[in-house]
Amino acid sequence: TGHFTYDPGFTSTGSCESKITFIDGDKGVLLYRGYPIEQLAEKSDFMEVCYLLVYGELPDRGELDKFKYRITYHTMIHEQINYFFRGFRRDSHPMAIMCGVVGALSAFYHDSTDISDPVHRFVASTRLIAKMPTIAATAYRYSMGMPFAYPRNDLSFSENFLYMMFSNPCEEYVVNPVLARAMDRILILHADHEQNASTSTVRIAGSSGANPFACIAAGIASLWGPAHGGANEAVLSMLEHIGTKDHIPEYIARAKDKNDPFRLMGFGHRVYKNFDPRARVMRQAAHDVLDELGVRDDPLLDLAMELERIALEDDYFVSKKLYPNVDFYSGIIFKAMGIPTSMFTVLFAVARTVGWVAQWNEMIEDPMQKIGRPRQLFTGSGPRDYVDIAARG
Ligand code: CMC
């Protein structure tokens, strides 16, 4: 049956060559196309980072303007899609709506079936980056019973997203620049992370030549789980369950107990074994946002910081190299911004879409690319003869 390596969870399998994102898990380094995440989060903006991830270089002014024009050209969703939303129950989890609606886009853009054509791939990629905030905001508005909002192309990507989430037709909506900047930083931090579960899912789905909208829907499904993008929502639920600082030891004990499936959400990472550089930026951003909003002594932030302090001094977490990851602080910022918990992972998906499409394009262009097809160690029954149901005991 041929030779292969048994590698559950692909912990030691390199599945592709990539020029997009570099991670050094021991040193806590994360680079997009060579640029440190800290510098991008401080100095760049999300549109520029999208350009960088997709094209490989930072744009000049003209290139950036052209790219923004192309993205804004595609921000609206087909009116027919609005009927699709209305088929969901009002209380649907927005990630369920995202899986369905993004997958359904493949029924709208038939030109995207020709993925061998770079122009078609580019159009599909821009449509995805551009429409994700609109779809995300519409999922939220549907759950709230609010009228759907059309995108505003005079605003930046993050401003427009906040506008589509929170504006209401009865009054003028003024975007808070502090919140828009925080949103942009969060989007940058989540934009790509090399071959994580959802990106590998997108690559595997795409390796068969599937429609890009369907591939990104597959990525969204993978991101949803609490071990991956769903962790930001899980962190907040966990902090709310813990409630007060005096309950922290109880939860730390549960996380250490092998007979208890509970894990400290927002802690640990497959690759980062020293610290997650995104968590550092996110921690600072959480403080900045709460300061700017005039929230002093936010009990949730206090609780998170105390939990982090206790865990980082605990032998179990130290010996297993479990540090706070990007999701540990992001929920606190989202909550302060008024974003409901069920939308946290959706925001992650909005940000990660650019990484998914960049990785998908890189895969299609890779001459070494083959259909993703892992092998298995078969441990089931040997050959046996069929037994008629009447004769089974
Ligand atoms: N709390 C308690 N114990 C943990 C945790 C945790 N959060 N994470 C890992 N461990 C233990 C685990 O029980 C195992 O112990 P042992 O070796 O005794 O069996 C050891 O640490 C190694 O864990 P693993 O599950 O083999 O490691 P992994 O690389 O497969 O998993 C992870 C990485 C991120 C899935 C995991 O750390 C986890 O479940 N963390 C909580 C969920 C979370 O915060 N996810 C977000 C990840 S970052 C953003 C993203 O990817 O979306």
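Colleague: Why does P133 count as buried?

Modeller: This is a predicted model, so take the values as computed from it. P133 comes out at 2% relative accessibility. Buried means under 20%, so at 2% P133 counts as buried.

Colleague: Where is P133 found, and what is P133 in contact with, leaving aside its neighbours within four places in sequence?

Modeller: P133 is found in helix α6. With those sequence neighbours left aside, its contacts are F157, F161, M164 and V350. Contact here asks for heavy atoms within 4.5 Å. There's also M76, 57 residues away along the chain, whose C-alpha atom is 9.7 Å from that of P133.

Colleague: F161 turns up in that list of contacts. What makes F161 count as buried?

Modeller: Its relative accessibility is 1%. F161 lies in helix α7, residues 157–166. Beyond four places in sequence, F161 is in contact with P133, A136, A137, M183 and L347. As for V175, it is 14 residues from F161 in sequence and 9.9 Å away in space, C-alpha to C-alpha.

Colleague: And E194, why is E194 called partly exposed?

Modeller: E194 has a relative accessible area of 22%. Buried would need under 20% and exposed over 50%, so with 22% E194 falls in between and is partly exposed. You'll find E194 in the loop between α8 (177–190) and α9 (197–207). Its phi is positive, about 40°, although E194 is not a glycine. R33 is another one to look at: it has a phi near 50°, again positive in a residue other than glycine, and R33 lies in the loop between β2 (29–32) and β3 (35–36).

Colleague: How do you know that the buried residues of α4 are on the same side of α4?

Modeller: In α4 (residues 79–86) the buried residues are I81, N82 and F85. They cover an arc of only 110° around the axis, so they sit on the same side of α4. Those buried residues pack against α5 (94–104) and α6 (118–144).

Colleague: Why is α5 described as largely enclosed?

Modeller: Of its 11 residues, 9 are buried, so α5 is largely enclosed by the rest of the structure. The buried ones are P94, M95, I97, M98, C99, V101, V102, G103 and A104. Their cover includes α4, α6, α10 (212–223) and α17 (344–365).

Colleague: On to the ligand. Which residues surrounding the ligand are the closest?

Modeller: H228, L264, G266, R270 and K320 are the closest, out of 22 residues that surround the ligand. By class, that shell holds 11 nonpolar, 6 polar and 5 charged residues.

Colleague: How much of the ligand's accessible area does the protein cover?

Modeller: The protein covers 75% of the 940 Å² that the ligand has on its own.

Technical notes
Residues numbered from 1 in each chain as written. Predicted model: local features only at pLDDT ≥ 70, side-chain atom pairs only at ≥ 80, totals over all residues. Heavy atoms only, no water. Near = heavy atom within 4 Å. Areas by Shrake-Rupley, 256 points an atom, 1.4 Å probe, with all protein chains shown as cover. Nonpolar A, V, L, I, M, F, W, Y, C, P; charged D, E, K, R; others polar. Buried < 20%, exposed > 50% of the residue type's maximum accessible area, 1.4 Å probe, protein only. Helix = DSSP H or I, 4+ residues; strand = E, 2+ residues; numbered from the N terminus. Arc of directions from axis to C-beta.
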